[in-house]
Amino acid sequence: MTYEVNGKTLEATENGYLANLDDWDKDVAQAIAAAEGLTLTQDHWDVIDYLRDAYVNHNGEQPNNRAILKAMQDKWPDRKVDNKTLFDLFPGNPSKQAGKIAGLPESMRKGGY
């Protein structure tokens, strides 16, 4: 599988995850999101930025749905944040779909917890 972004062809796995973490930028995220049928809002970017920070700055950590939920509750204290909130943003499983859009490798763990 490949993505065409700004005249460049980017390699991806058969499940749509980028083959090279360094190929990622916000334009690539927009292209992957479009392929997933999503239009990114600031809430999407908050989750994506959190996942990228965890992976890049914390030794390859890939937070699960529960960790994302807790982080977003801290980030968005003025509103109710629950699993439904995350699944409304990323219906294909928040940790996996958001990770794909964030340009991270595919997580092989099972389930959301």
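## Basis

The model is predicted, so local features need pLDDT of at least 70 and side-chain atom pairs count only at pLDDT 80 or more, while totals for chains, interfaces and linings use all residues. Residues are numbered from 1 along each chain as its sequence is written, and side-chain values use heavy atoms, with hydrogens and water left out.

## Helix α2

Helix α2 covers residues 42-57. Helices are DSSP runs of H or I with at least four residues, strands are runs of E with at least two, and both are numbered from the N terminus. The 16 residues of α2 should span 22 Å at 1.5 Å a residue. That expected span is 1.5 Å times one less than the number of residues. The end C-alpha atoms are 21 Å apart, which agrees. Asn59 follows α2 and has a positive phi, near 55°.

Several residues of α2 are buried, among them Trp45, Asp46 and Arg52. Buried means under 20% relative accessible area, with a 1.4 Å probe and protein chains only. The buried residues of α2 pack against α1 (26-35), α3 (65-75), α4 (83-89) and α5 (94-101). Contact here means heavy atoms within 4.5 Å.

## Nonpolar core

In soluble globular proteins, nonpolar side chains tend to be buried together. A nonpolar core is a set of buried Ala, Val, Leu, Ile, Met, Phe, Trp, Tyr and Cys residues joined through side-chain atoms within 4.5 Å. The largest one has 29 residues, of which Val47, Ile48, Met72, Phe90 and Ile101 touch the most other members. β1 (2-5), α1, α2, α3, α4 and α5 each supply at least two residues of this core.

Ile101 has contacts that include Trp24, Ile32, Leu40, Ile48 and Phe90, not counting residues up to four places away in sequence.

His44 lies in helix α2. His44 counts as buried because its relative accessibility is 6%. With residues up to four places away in sequence not counted, His44 touches Thr39, Leu89 and Phe90.

Asn65 lies in helix α3. Asn65 is buried, with a relative accessible area of 2%. Asn65 and Asn93 are 28 residues apart in sequence and 8.1 Å apart in space, C-alpha to C-alpha.

## Cavity

The whole structure holds one cavity of 30 Å³ or more. A cavity is a set of points on a 1 Å grid over the protein atoms alone where a 1.4 Å probe fits but cannot get out; lining residues have an atom within 4 Å of a point. The largest cavity has a volume of about 70 Å³, a volume being the space filled by probe spheres set on the points. Twelve residues line the largest cavity, and Gln62, Ser95, Lys96, Gly99 and Ser107 lie nearest its centre. α5 gives the most to this lining, with three residues.

Definitions and conventions. Buried means under 20% relative accessible area, exposed over 50%, partly exposed in between (1.4 Å probe, protein chains only). On a 1 Å grid over the protein atoms alone, a cavity is a set of points where a 1.4 Å probe fits but cannot get out, and a pocket is an open set with protein on both sides within 12 Å along at least five of seven lines; lining residues have an atom within 4 Å of a point.
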